[in-house]
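Have the viewer open as you read.

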Amino acid sequence: MPSRRTTLSDFLAEDPRCAGEAGSDLRSLLTDVQAACRLIATAASYGVLARPDLSVDTRATGINFDGDRQHSLDMVANAIMVSACEAGGQLAGMVSEEFDEPYHVADPHPRGRYLLVFDPLDGSSNIEVNVPVGTIFSVLHCPEGIEQPAAADFLQPGTRQVAAGYAIYGHVTMLVLTLGAGVHGFTLDPDTDSFILTHPDIAIPAATREFAVNVSNERFWEPPVRRYVEECLEGVTGPRNADFNMRWIASMVAEVHRILMRGGLFMYPRDLKDPKRQGRLRLLYEANPMAMLVEQAGGAASTGRQRLMEVVPSSIHQRVAVILGSREEVERLDRYHAEHVDGTDNMLFKTPLFQIRSLFRTA
Ligand code: F6P
C-alpha cells in the first residue's frame, strides 16, 4: 500500500480528466457516486436487522418489470443512488436496472452533461447468504442539446464510456474505478468513512488456470463454450495439459473483483435456454462497465463473436453474452467461436452427437 494516504477525493482532484472547469463536473459526479456507495454499504451491513430510517427487509422479495427477483435492498440502493446523484447538477438522466424507462432529473435540480447507468445492487439474489454484492456504474456523455434524454440517448457502445466502476460490499468495502487510464482500487476506511487508494494500477495477468461459469446451464451452451469448459475439466490429461480450478459465486461484482485481484476467466455466455435472449447479463450497466475495467487492467472482454465494448445497444435493458478476464483465455474462446463458425473446430463439438458427451458423462 502507498505510504501517503490518498483518498478518492485527492485522486480525483489530481486526475487530469477531472481537472479544470471541464473536468469539475465529472469529479463532482464521481464524488456523488462514491457517497451513494458509502450509504449503500451501510444499508447493506445491517443485514436482516431493521433500520428505523430505511424500510429494508433483506428477506423481502418481489419481481421487477423484467422478471428479475427484486429485494427490498435493491430498491433502497436504487433510491440512494438517485437521490445522491440527481441534485448535483451533473446529470441529464439515469438508467437503472430497477427502472423500466430512463429516469429524468427532477425539477428544480439543474441538468448536466452526463448520463449515469447503474445496477444499484448486483448479486442481490445472494444477499441473505452474505455473499459480496455490489453497485456497478458507468458514465456516458449526454448527446449535445438534449435536456430530457430518451432511451435512444443511452444507446452508446461501451467504447464511449467516460468512466466506469463498481463498489463491492464484502467484509471490506472497496470502490474500483477507471477513468480510461488504468484501474485503481480504493478501500473504505471505517474510521474516517473515506475511500483510500490501496490498489493503484491494477493489472490482470494474461494467463490463468481459473475459470468461473454457471455449469448448471451446460446443456444449453453453444459448442465453443462446451469445448472450452470440457478441455479445462480434462486437466493435465487433456489438450490444455494443465489442471484448472473453478469458481462460481453468482455475484458478478465478486467474480470480476477476483479477476482484477489475481486473474481468471468469467463467462455468462449466450445459451439456448431462452433462444430469444442474447445472454443473461445487461449490456449497459453490467457488461460494459466491467469490460472497460477489465480492458483497462490489461484483460479482454468479448461476447465470443466481437469485442464487448463495440456492441451497439438496441435497448436500455439489453442482455448480452459476456466472456471476460485474462487475455489468453478470452482470446482462446474467441478462437473457438470463430472455428465453430468456419467449421474448423473439433468434429465432436459441432455434430448433434456432441450431446452424448457432457461434463459429467464422458462417452
Ligand atoms: O445479473 C445479476 C447476477 O446476480 C450476476 O451478478 C450473476 O453473475 C448472475 O446474476 C447469476 O445468475 P444465475 O444465478 O442465474 O446464474
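Search the whole structure and you'll find zero disulfides, a disulfide being a pair of cysteine sulfur atoms within 2.5 Å. Cys142 is buried at 9% relative accessible area, and Cys232 is buried too, at 2%; buried here means under 20% relative accessible area, with a 1.4 Å probe and protein chains only.

A word on ground rules: this is a predicted model, where local features need pLDDT of at least 70, side-chain atom pairs count only at pLDDT 80 or more, and totals for chains, interfaces and linings use all residues. Residues are numbered from 1 along each chain as its sequence is written, and side-chain values use heavy atoms, leaving out hydrogens and water.

Now for the ligand. Its surroundings (residues with a heavy atom within 4 Å) include Asp122, Trp248, Arg280 and Glu286. Sorted by class, this shell has five nonpolar, three polar and three charged residues, with Trp and Met among those counted as nonpolar, Asp, Glu, Lys and Arg as charged, and Gly among the polar.

Note on methods. Buried means under 20% relative accessible area, exposed over 50%, partly exposed in between (1.4 Å probe, protein chains only).
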